[in-house]
Amino acid sequence: MGKYFGTDGFRGEANVVLTVEHAFKVGRYLGWYFGQEKKARVIIGKDTRRSSYMFEYALASGLTASGADAYLLHVTTTPSVSYVVRTEDFDCGIMISASHNPFYDNGIKIINSKGHKIEAEIEEKIEEYIDGKIEELPLAVGEAIGRTVDYAAGRNRYIGHLISLATRSFKDMKVGLDCSNGSASSIAKSVFDALGAKTYVINNEPNGLNINTNCGSTHIDVLQKYVKEHNLDVGFAYDGDADRCIAVDENGNVVDGDLILYVCGKYLMEQGRLEGNTIVTTVMSNLGLYKACDKIGMKYEQTAVGDKYVHENMVQNGYVLGGEQSGHVIFSKHARTGDGILTSLMIMEVIMEKKQSLGKLCEEVKIYPQLLKNVRVSDKKLALSNEAVQSAVESVKEALGNDGRILVRESGTEPVIRVMVEASTDEICEKYVEQVVSALKEEGLIVS
C-alpha cells in the first residue's frame, strides 16, 4: 500500500483526508500520463454521496487541464465503469466512491483499460506528483484543452449488457432489492423489471447523506425483515457502489459471499463450466464452505483478503468464479471486478434452472459460527509482531485444532487489527477472540 492509495483506491473523509486538491492532481496526472502520445479519453462514474459531485468536477478539471477528454457516466456502479472502460476503448476509468463506508467518506478508484484496478506503479507516480516530487506538469492550451462529455449512454449500454446475460425470464418471481441509497438505485430495478420479475425495492431514494445508512449489504437485517413481511421469493442487498451483493433466501436467512460461491460454483461445476472445478476464496471464508466443497469434490484456492487478490489468482490460473464472504463475487466470463447486480442475476439463473429455492440450494453448507472484532491500535505492525500477542494466537490455534480456526490481520484502510475466530459454538468464538484482544490490551497496544 502507498501513502494515499490503499487496497481499494484513495479513500478517506471528504475534504479531510481526501480533498478536492488531491482529486484535481489525480486528474492532472492521469490526463498527462495517458495523453503523452495522443488525446486521452477517461471515463468517470460516481456514487450518490454529496461529496461525489465536487470530486467529479475536480477530477474533470484536472483531466481537461492536462488535455484529456473526460466522459461522465454520472451516478453509476463501479462495475459499470469497469465494463465501459474495457468495451469502449477508454484509456482508464475513475470511480468516485467509498463503497460501504458512511456518506462523509469518499474515495477515488482508478481502473485500467482492461477493466482491472490500475497498476500500483501508476498509483505510486500519482502519489509522487501529489507530494511535489515530480516537476509540475504542462497545462494544455488552445485547442489542446480537453472537453467534458455527458456519457449517460455508456451506463445504459451496461444495463443492456446485464439484461442480455439472463438465460430466462424471472416472470412471477417476487424479488426484493435493497439499493443502499447508492449506485444501484439508478440501475437495479430497471434490470429486474426488464426480466419480468415482480420487483420490490427499498432504500432507493438517495439524498447524498443516506447512502449505507441502516440499509444495504452492511445492514442486511433490513432486507431480511422486508423479505419475510412481503413473502418474497428472494432478496438482494447491495453496497454503496454496488460491487457487492448479499442475498436473503425465502425464509429471511442471510446468504453471504461464501454461500453464493458454493451455490453458483456447484451449479457451474455440474454444467462443466467451472474451470478446474475450482473456486477462489480468501482466508476469511468460512470453514463450513470448505467442508461442503470437499463433500462434492469442488476444489478451492485461498488468497489474502481483497477482491484484488482474488482476481489476480483467477487471472493467473484461468478460474471463472471467486469472491469474498463480504459479497464481492467475480464471474470472470462476464466481468473483471465484483458486480453486485450481476451476482444477483447469476443466483437467479441457478434458482430458475434448478427450480429450487435459494434456501434449499444452501442447505448443504453448515456455516460455522464466526466472530470478528476490530481492535483500534496505535501501530498495526507492532501489534502483530508483539511476542505476547503471537503467543496468544498460537495458543488459540492449538486449542481449536481441526474444529475451528483463528485469523488475525491488519486492516488495509484503518489503524485496526481484525481478530476473527471460527468454531463450533458462539461461546467458543467469544472466548478465544477475547483471549487475543486481552493480550493486545495487556501489552498497551490498544487505543481508545
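1. Let's start with the cavity. Helices α3 (78–87) and α5 (152–165) each give at least two residues to the lining of the largest cavity. Helices here are DSSP runs of H or I with at least four residues, numbered from the N terminus. A cavity is a set of points on a 1 Å grid over the protein atoms alone where a 1.4 Å probe fits but cannot get out, and lining residues have an atom within 4 Å of a point.

2. Before going on, a word on the source: this is a predicted model, where local features need pLDDT of at least 70, side-chain atom pairs count only at pLDDT 80 or more, and totals for chains, interfaces and linings use all residues. Residues are numbered from 1 along each chain as its sequence is written, and side-chain values use heavy atoms, leaving out hydrogens and water.

3. Back to that cavity: its lining has 14 residues, and Tyr-83, Arg-86, His-334, Ala-335 and Asp-339 lie nearest the centre.

4. Now have a look at α8, which covers residues 257–270. From first C-alpha to last, this helix of 14 residues reaches 20 Å, close to the 20 Å expected at 1.5 Å a residue (that is, 1.5 Å times one less than the number of residues).

5. How many of the residues of α8 are buried? The count is 12 of 14, so the helix is mostly covered; buried means under 20% relative accessible area with a 1.4 Å probe, protein chains only. Among them are Leu-259, Tyr-262 and Met-269.

6. Asp-256 caps the N-terminal end of α8, with a side-chain oxygen 3.1 Å from the backbone nitrogen of Asp-258. After α8 comes Gly-272, with a positive phi near 75°.

Definitions and conventions:
Buried means under 20% relative accessible area, exposed over 50%, partly exposed in between (1.4 Å probe, protein chains only). A polar contact is a pair of N or O atoms within 3.5 Å; within protein, one must be able to donate a hydrogen and the other to accept it, and residues adjacent in sequence count only if both atoms are side-chain atoms. On a 1 Å grid over the protein atoms alone, a cavity is a set of points where a 1.4 Å probe fits but cannot get out, and a pocket is an open set with protein on both sides within 12 Å along at least five of seven lines; lining residues have an atom within 4 Å of a point.
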